[in-house]
Amino acid sequence: MPLQIDLPPGFAGMPVGADDKMNRGHAWTIAENLASGTSVEEFGSYLMALVPAMQANGIRVFGKFAVGRRKGDIATLTLGVAQWPETSPANQDALVAAMAELYRSRHKRAVVKPVRLPIGPAIVAISGGEFHLPERDVRTQIKAEYQIPLPDGRSVVILSVVAESEDAWPAVAEATAKVAWSLRSGEAP
């Protein structure tokens with residue numbers, strides 16, 4: 001099922017598809033626009049090295065954009081499509097309720113609720129916490145995530161936006177909601 005979304009203003013990133021020639025073109029375009037301190041070829045090759053892992057995880061779009069009021073608050077947007085092991089139940093609302101319970105069981109501190117988007121029912125979750133890196137480097141993270149079962153009954157869209165600023169959480173939630181609400185089938189009517 002082809003999908004379309006409206007990305008946030010200032011979004012810099014790349015779509016990830018099955019066509020490596022197209023992926024390479026996107027990577028080199030991004031490298032030309034963003035490479036600093038490294039050559040376009042080197043930066044482009046770094047991006048291309050990520051493509052197989054993104055493809056394996058169903059990632060279709062990955063990138064960054066400014067979020068919030070403070071200069072330097074940057075959010076990372078990832079949109080992926082996962083396939084169900086089998087066709088999902090016909091009752092989409094019951095499926096979303098089960099997805100919400102599963103999410104709550106795995107993310108105890110997240111605020112999770114079912115919502116209705118133009119494309120159908122979904123869950124939205126907001127969570128915050130700390131990400132621990134080596135050398136005692138601790139970073140705050142705020143994440144907004146939508147999980148949207150698609151009408152085809154075979155797949156679910158996972159939209160995740162993460163920022164390292166607690167102050168930016170309202171802007172992260174708003175930007176993620178705008179992208180989720182824009183999700184639509186790319187098929188002609």
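Reader: Which residue in E8 stands opposite Ile 148?
Author: The model is a predicted one. In it, Val 157 of E8 is the residue opposite Ile 148.

Reader: What joins E4 to E8?
Author: Strand E4 (residues 74-83) is linked to E8 by 9 bridges, and the two run antiparallel. Leu 77 has Val 161 in E8 as its bridge partner.

Reader: Why are E2 and E5 said to stand at the edges?
Author: The open sheet consists of 7 strands in the order E2-E3-E4-E8-E7-E6-E5, with antiparallel pairing. Strand E2 (12-15) and strand E5 (111-117) each have a single partner strand, so one side of each lacks a neighbour in the sheet. From one strand to the next, the twist averages 20°.

Reader: Which strands does helix H3 lie across, and which does helix H4 lie across?
Author: Helix H3 (residues 92-106) lies across E5, E6, E7 and E8, at about 15° to E6. Helix H4 (residues 169-182) lies across strand E3 (59-66), E4, E5, E6, E7 and E8, at about 25° to E7.

Reader: Why are the buried residues of H3 placed on the same side?
Author: The buried residues in H3 are Gln 92, Leu 95, Val 96, Met 99, Ala 100 and Tyr 103. They cover an arc of only 140° around the axis, and therefore lie on the same side of H3. Their cover includes E5, E6, E7 and E8.

Reader: How does the span of H3 compare with the one expected?
Author: H3 has 15 residues and reaches 21 Å from its first C-alpha to its last, close to the 21 Å expected at 1.5 Å a residue. At the start of H3, a side-chain oxygen of Asn 91 comes to within 3.1 Å of the backbone nitrogen of Asp 93.

Reader: Why does Thr 76 count as buried?
Author: Buried means under 20% relative accessible area. Thr 76 has 18% relative accessibility and therefore counts as buried. Thr 76 is found in strand E4, and a polar contact of 2.7 Å joins its side chain to that of Lys 64. Beyond its neighbours within four places in sequence, Thr 76 is in contact with residues including Phe 62, Gly 63 and Ser 160.

Reader: What makes Ser 182 buried?
Author: The relative accessible area of Ser 182 is 10%, and the cut-off is under 20%, so the term applies. Ser 182 is in helix H4, and its side chain reaches the backbone oxygen of Val 179 at 2.8 Å. Not counting residues up to four places away in sequence, Ser 182 touches Gln 4, Ile 5 and Asp 6.

How values were computed:
Residues numbered from 1 in each chain as written. Predicted model: local features only at pLDDT ≥ 70, side-chain atom pairs only at ≥ 80, totals over all residues. Heavy atoms only, no water. Pairing = 2+ DSSP bridges. Helix = DSSP H or I, 4+ residues; strand = E, 2+ residues; numbered from the N terminus. Axes fitted to C-alpha atoms, helices over the stretch in contact; angles between N-to-C directions. Contact = heavy atoms within 4.5 Å. Buried < 20%, exposed > 50% of the residue type's maximum accessible area, 1.4 Å probe, protein only. Polar contact = N/O pair within 3.5 Å; in protein donor to acceptor, adjacent residues only side chain to side chain. Expected span 1.5 Å × (residues − 1). Arc of directions from axis to C-beta.
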